[in-house]
Every structure is written in structure tokens, then in C-alpha cells.
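The following exercises are to be worked with the sequence and the model at hand. Each task is followed by a solution in steps.

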Amino acid sequence: MIEAFAPLIAGQPHTLILGSIPGIASLNAVQYYAHPRNAFWPIMADIIGFDPTLDYPQRCEQLTNAGYALWDSLARCEREGSLDSAIKRDSEVANAIPELLLAYPSIRRIACNGGKSWQSFCRHIRAQLLRDVELISLPSTSPANARMTFTEKATIWRQSLAFGE
């Protein structure tokens with residue numbers, strides 16, 4: 001059974017970014033988006049304006065200082081390897097997103113990183129939300145999403161997350 005990390009959240013976040021559940025590289029490093037070819041940190045560094053080569057705690061601080069929080073749609077599941085397509089659907093247990101939104105009323109939107117995160121969010125969580133938030137489905141930053149270039153992913157992420165901060 002794979003277990004998700006605790007949420008990365010601080011202050012008054014405006015946006016909650018949800019992955020599906022950590023892959024093997026992230027689990028081994030105990031870091032969100034640790035795979036060296038995952039585009040998440042370079043994309044967010046470009047959007048927020050920090051050096052993507054900062055060490056992990058500094059990247060996390062930059063992210064939360066800019067009003068972003070990280071978590072996953074799934075709290076736990078069974079999966080062989082790192083691919084979202086290998087997640088056993090009947091093993092999925094959702095994270096407590098509605099409770100997180102109650103604890104952080106400043107969150108105005110939820111952005112799902114990839115199709116599996118969006119699918120799991122819609123299946124397990126969406127109907128339980130107790131207040132309105134903007135919902136965004138973004139292309140996966142995973143290297144497994146090879147049908148889009150980094151530039152294409154970054155453009156969509158930038159356009160989707162921009163709201164005049």
C-alpha cells in the first residue's frame with residue numbers, strides 16, 4: 001500500500017495543487033515531484049519566479065510563500081511501479097480535501113496535476129466539497145506525459161494559474 005505525504009501548506013494559500021499519489025522517486029526522496037524529469041518544479045519556478053535548482057526546502061518555501069499548497073487526491077492506494085495507470089482502482093482512498101478546505105478558507109481554487117488526479121478527485125472528493133472553489137484540470141508534469149513538450153505544459157499551467165497575483 002502506497003501512502004501519500006502530508007499536505008505542503010502554510011499561511012493563507014489561494015491554490016491547492018493536487019497530484020495523484022507520489023511516484024517511486026518521490027517516495028524514496030520523501031519529496032513532492034522528486035523525479036528529475038518531472039516538470040513540476042521548473043514550471044512553478046517559472047510561474048513564481050525562483051531558481052528551480054534551489055534545494056527542496058527552499059523550493060517548498062517559495063511555493064507556499066506565493067500562496068500555493070500541495071497535496072494528492074489519493075491518501076493511499078495499491079500500485080506497482082510509478083505509473084498512475086497501474087493504480088488499482090478498488091484500492092483508492094481519497095485524501096480529506098473537504099476538511100482541508102474548511103481549515104484553509106483562503107483556498108479559492110484546486111488544480112489537479114494530470115488526468116489521474118482529476119479523475120480521482122471527481123470520483124471521490126468533488127461531491128463532498130462544502131463550498132465553491134474554482135476547479136482546474138492541468139496536463140501532467142510527469143515525464144510519462146510525453147505527448148506534450150515542456151513549453152506546452154508550462155504555457156497551459158501559466159495561463160491556468162494566472163489570476164493577477
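**Exercise 1.** In which helix does Q58 lie? Determine also whether Q58 is buried, partly exposed or exposed.

*Solution.* The model is a predicted one. Step one: residues 56-65 form helix α3, and Q58 lies within this helix. Step two: the relative accessible area of Q58 is 37%. Step three: buried requires under 20% and exposed requires over 50%, so Q58 is classed as partly exposed.

**Exercise 2.** State how far apart the C-alpha atoms of Q58 and Q119 are.

*Solution.* Along the chain, Q58 and Q119 are 61 residues apart.

**Exercise 3.** Locate R109 in the secondary structure and decide whether R109 is buried or exposed.

*Solution.* Step one: R109 belongs to strand β6, which spans residues 109-113. Step two: the relative accessibility of R109 is 1%; because the limit for buried is under 20%, R109 counts as buried. Step three: the side chain of R109 has a polar contact, at 2.5 Å, with the side chain of T15.

**Exercise 4.** Describe how helix α2 packs against helix α6.

*Solution.* Step one: the axes of α2 (residues 40-48) and α6 (residues 150-161) are 10 Å apart and form an angle of about 50°. Step two: this angle makes α2 oblique to α6. Step three: the crossing of α2 past α6 is right-handed. Step four: the contact residues include F40, I43 and I47 of α2 together with F150, W157 and L161 of α6. Step five: the residues of this contact comprise nine nonpolar, three charged and no polar ones.

How values were computed:
Residues are numbered from 1 along each chain as its sequence is written. This is a predicted model: local features need pLDDT of at least 70, side-chain atom pairs count only at pLDDT 80 or more; totals for chains, interfaces and linings use all residues. Side-chain values use heavy atoms; hydrogens and water are left out. Helices (H or I, at least four residues) and strands (E, at least two) are DSSP runs, numbered from the N terminus. Buried means under 20% relative accessible area, exposed over 50%, partly exposed in between (1.4 Å probe, protein chains only). A polar contact is a pair of N or O atoms within 3.5 Å; within protein, one must be able to donate a hydrogen and the other to accept it, and residues adjacent in sequence count only if both atoms are side-chain atoms. Axes are lines fitted to C-alpha atoms, for helices over the stretch in contact, and angles run from 0 to 180 degrees between N-to-C directions. Angles under 35 degrees count as roughly parallel, over 145 as roughly antiparallel, 65 to 115 as roughly perpendicular and the rest as oblique. A crossing is left-handed if the near helix is turned anticlockwise from the far one by less than a right angle, and right-handed if clockwise. Contact means heavy atoms within 4.5 Å. Ala, Val, Leu, Ile, Met, Phe, Trp, Tyr, Cys and Pro count as nonpolar, Asp, Glu, Lys and Arg as charged, and the others, Gly among them, as polar.
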